[in-house]
Amino acid sequence: MTSTLNVITATLRKLGVVATGENADADAAGEALFALNAMMHGWKLRGVDISHSDLTLGDNFPLADEYVEGTVYLLAARLSPDFMLPASF
């Protein structure tokens, strides 16, 4: 099972905020975690009820592994303006 921190780190790598082999700093990880929770709550408002409650970095990611990559890309697209980086993937 994938951790929330793994999802956050993969997202920040897609954006170029974190290099391969490095860890995200607390500010970047916190910003990404806030956006991830908001995005997942937004899915429920759009009719995709995944029974989401706010995640922490230490939690297991609540969706099956086949949804991780899609979540990473959606989160990267959502975060790209916050980090002033183009989503060029």
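Gly-47 is exposed, with a relative accessible area of 63%; exposed means over 50%, buried under 20%, and partly exposed in between, using a 1.4 Å probe and protein chains only. From Gly-47 to Ser-80 the sequence separation is 33 residues, and their C-alpha atoms are 25 Å apart in space.

Before going further, a word on the model. It is a predicted one, so local features need pLDDT of at least 70 and side-chain atom pairs count only at pLDDT 80 or more, while totals for chains, interfaces and linings use all residues. Residues are numbered from 1 along each chain as its sequence is written, and side-chain values use heavy atoms, with hydrogens and water left out.

Now step back to the whole chain. It holds three helices and zero strands, in the order α-α-α along the sequence. A compact globule of 89 residues would have a radius of gyration near 12 Å, and the chain agrees, with 12 Å; the radius is taken over C-alpha atoms, and the globule rule is 2.2 Å times the number of residues to the power 0.38. Along the principal axes, the C-alpha atoms fill a box of roughly 35 × 25 × 25 Å. Of the 89 residues, 36% are buried.

Helix 1 covers residues 4–15, twelve in number, and reaches 17 Å from its first C-alpha to its last, close to the 16 Å expected; the expected span is 1.5 Å times one less than the number of residues. Its buried residues are Thr-4, Val-7, Ile-8, Thr-9, Thr-11, Leu-12 and Leu-15. These pack against helix 2 (26–45) and helix 3 (68–79), with contact meaning heavy atoms within 4.5 Å. Just after helix 1 comes Gly-16, with a positive phi of about 85 degrees.

Helix 2 has 20 residues and should span 28 Å at 1.5 Å a residue; its end C-alpha atoms are 29 Å apart, which agrees. Among its buried residues are Ala-28, Ala-32, Leu-36, Met-40 and Trp-43. The cover over the buried residues of helix 2 includes helix 1 and helix 3.

Return now to the loop between helix 2 and helix 3, which also holds Leu-63. Is Leu-63 buried or exposed? At 15% relative accessibility, Leu-63 counts as buried. Leaving aside residues up to four places away in sequence, Leu-63 touches Met-40, Trp-43, Ile-50 and Thr-71. Leu-63 and Thr-2 are 61 residues apart in sequence, yet 8.7 Å apart in space, C-alpha to C-alpha.

Helix 3 brings us to Leu-79, which is buried, with a relative accessible area of 0%. Which residues does Leu-79 touch, not counting those up to four places away in sequence? They are Thr-11, Leu-15, Glu-31, Ala-32 and Ala-35. For Leu-79 and Ala-35, the C-alpha distance is 7.2 Å across 44 residues of sequence.

Methods. Helices (H or I, at least four residues) and strands (E, at least two) are DSSP runs, numbered from the N terminus.
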